[in-house]
Amino acid sequence: MKVVLVTPEYHQTRGNTVTVRRMSKYLQKSRIETTIVSLTDGQSYDPPLAATIVHGFNAYRFGTYWYQVGRPSLPYAVTITGTDLNHDLFDDEKRQCMIQTLDGAEAIHLFNHRGQETLLRQFPRLAGKTVVIPQGVSVLPRSVPPIAKEAGTCVFLLPAGIRKVKNVPAAISMLDSVHRKHAGIRLWIVGPVIEEEEGKRVRELIRQNSSWVTYLGEVSFDRMGGLYRQADVVLNTSYSEGQSSAILEALAHGVPVLAADNEGNRDVIKHGQTGWLYQNRETFLRYAGRLVTDALLRERFSRQGQQYVTRHHCPETEAEKLLHMYTSIMRKWQ
């Protein structure tokens with residue numbers, strides 16, 4: 001079986017890139033041949049005629065690709081992303097393409113039941129196609145980090161591509177209030193600039209707070225392990241999420257998480273067990289302050305987070321369930 005995985009901007013370290021790279025690695029361990037196609041605006045592509053199955057990530061972007069290559073007579077599955085569920089589904093310009101793409105899919109993969117419920121509220125007719133498979137995650141190899149933690153500091157790490165939905169300015173603004181009480185706080189922001197205007201805004205805020213905020217830019221996935229191992233807390237300040245790879249990676253590395261209380265984050269973070277979910281600035285400040293001062297709390301969150309991902313986000317199990325989905329598609333297709 002040959003599976004072609006099609007994802008936007010594979011050259012950048014984004015959530016979909018991390019997901020597709022992991023899936024490809026563990027599918028290959030199951031003797032599945034995989035090829036990755038990276039979608040970049042303005043490029044043209046040849047049809048994936050040698051494929052057994054095509055698996056697209058992000059229904060809208062995959063849909064535009066599929067029509068560009070002439071809708072070849074091949075079965076395809078689609079993974080629904082956070083951008084699909086929280087934005088494109090309600091965008092009049094993208095919704096129709098997304099609907100056509102999902103109607104033509106043999107299977108629709110979602111990471112959690114919350115996402116499945118959101119999709120089916122809009123399109124109940126798709127119920128028979130949906131498959132829920134949580135993301136897998138594993139501990140990254142040791143690597144030399146691009147920055148060294150200063151002695152006596154408490155590092156908050158924010159892995160996020162710089163775009164409005166990630167709400168990076170809020171992290172700087174809210175942590176500034178904590179920093180005024182705890183001068184040893186450091187904020188490391190890591191991720192590519194995806195939206196240039198938002199990038200300019202974030203860079204200006206960093207310049208104004210350069211004594212304690214550092215922007216590391218895009219860091220290769222292979223080097224992220226060194227950052228997680230130095231972090232005391234991982235932040236997620238997104239307005240919306242699907243199922244955050246960064247949060248799962250933090251938990252796998254035993255790093256407590258402080259995350260915005262949105263639907264995707266609620267699926268992963270068990271409030272008060274593997275981290276905290278904040279609802280507003282007030283709760284963020286309260287929780288962040290506790291995490292700075294309470295080492296035993298961080299240790300408990302660390303232990304329980306690792307236990308959670310071991311039980312629920314095994315990459316071998318993910319690959320096994322994907323293979324079952326592909327096999328079911330081929331049975332129907334033949």
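## The largest pocket

Which element gives the largest share of the lining of the largest pocket? That share, 4 residues, comes from helix α1, and elements of this kind are DSSP runs numbered from the N terminus, with helices (H or I) of at least four residues and strands (E) of at least two. The model is predicted, so local features need pLDDT of at least 70 and side-chain atom pairs count only at pLDDT 80 or more, while totals for chains, interfaces and linings use all residues. Residues are numbered from 1 along each chain as its sequence is written, and side-chain values use heavy atoms, with hydrogens and water left out.

The largest pocket has a volume of about 1000 Å³. Of its 47 lining residues, R14, G15, N16, R163 and K166 are the closest to its centre, and the elements that give two or more residues to this lining are α1 (15-29), α2 (59-68), α3, β7 (154-159), α8 (224-230) and α9 (245-252). By class, the lining of the largest pocket holds 16 nonpolar, 21 polar and 10 charged residues, where Ala, Val, Leu, Ile, Met, Phe, Trp, Tyr, Cys and Pro count as nonpolar, Asp, Glu, Lys and Arg as charged, and the others, Gly among them, as polar.

Pockets and cavities are both found on a 1 Å grid over the protein atoms alone: a cavity is a set of points where a 1.4 Å probe fits but cannot get out, a pocket is an open set with protein on both sides within 12 Å along at least five of seven lines, and lining residues have an atom within 4 Å of a point. Grid points are joined across faces, edges and corners, and a volume is the space filled by probe spheres set on the points.

## The second largest pocket

The second largest pocket has a volume of about 250 Å³, and of the 16 residues that line it, R22, K25, S138, L140 and F221 are the closest to its centre. Helices α1 and α9 each supply at least two residues of this lining, with α1 giving the most, 5 residues. The lining of the second largest pocket is made up of 8 nonpolar, 3 polar and 5 charged residues.

## The cavity

A search of the whole structure finds 1 cavity of 30 Å³ or more, and the volume of the largest cavity is about 120 Å³. Its lining consists of 16 residues, among which L85, N112, G115, E241 and G242 lie nearest the centre. At least two residues of this lining come from each of α3 (82-86), α5 (113-122) and α10 (263-268), and the lining of the largest cavity divides into 4 nonpolar, 9 polar and 3 charged residues.

## Aromatic pairs

A pair of aromatic rings is described by the distance of the centres and the angle of the planes. Rings of Phe, Tyr and Trp (its six-membered ring) pair if their centres lie within 6.5 Å, and planes under 30 degrees apart count as stacked, over 60 as edge-to-face and the rest as tilted. By this rule there are 9 aromatic pairs. One of them joins Y65 and W66 in a tilted arrangement, 6.4 Å centre to centre with 45° between the planes, and both Y65 and W66 are buried, a term for under 20% relative accessible area, with exposed meaning over 50% and partly exposed in between (1.4 Å probe, protein chains only).

W276 and F301 form an edge-to-face pair, 5.3 Å centre to centre and 85° between the planes. This pair links distant parts of the chain, with W276 in strand β12 (residues 275-278) and F301 in helix α12 (residues 295-312), 25 residues apart; both W276 and F301 are buried. Elsewhere, ring pairs link Y45, F62, Y65, W66 and Y76 into a cluster.

P48 is found in the loop between β2 (33-39) and β3 (53-57), and it counts as buried because its relative accessibility is 11%. Not counting residues up to four places away in sequence, P48 touches V4, V54, Y65, W66, V69, P72 and L74, where contact means heavy atoms within 4.5 Å. The C-alpha atoms of P48 and V69 are separated by 8.3 Å, although the two residues are 21 residues apart along the chain.

H179 lies in helix α6 (residues 168-181) and counts as buried, at 16% relative accessibility. With residues up to four places away in sequence again left out, H179 touches I185, R186 and W212.

## Cysteines

The structure holds 0 disulfides, a disulfide being a pair of cysteine sulfur atoms within 2.5 Å. C154 is buried because its relative accessible area is 8%, whereas C314, with a relative accessible area of 25%, is partly exposed.
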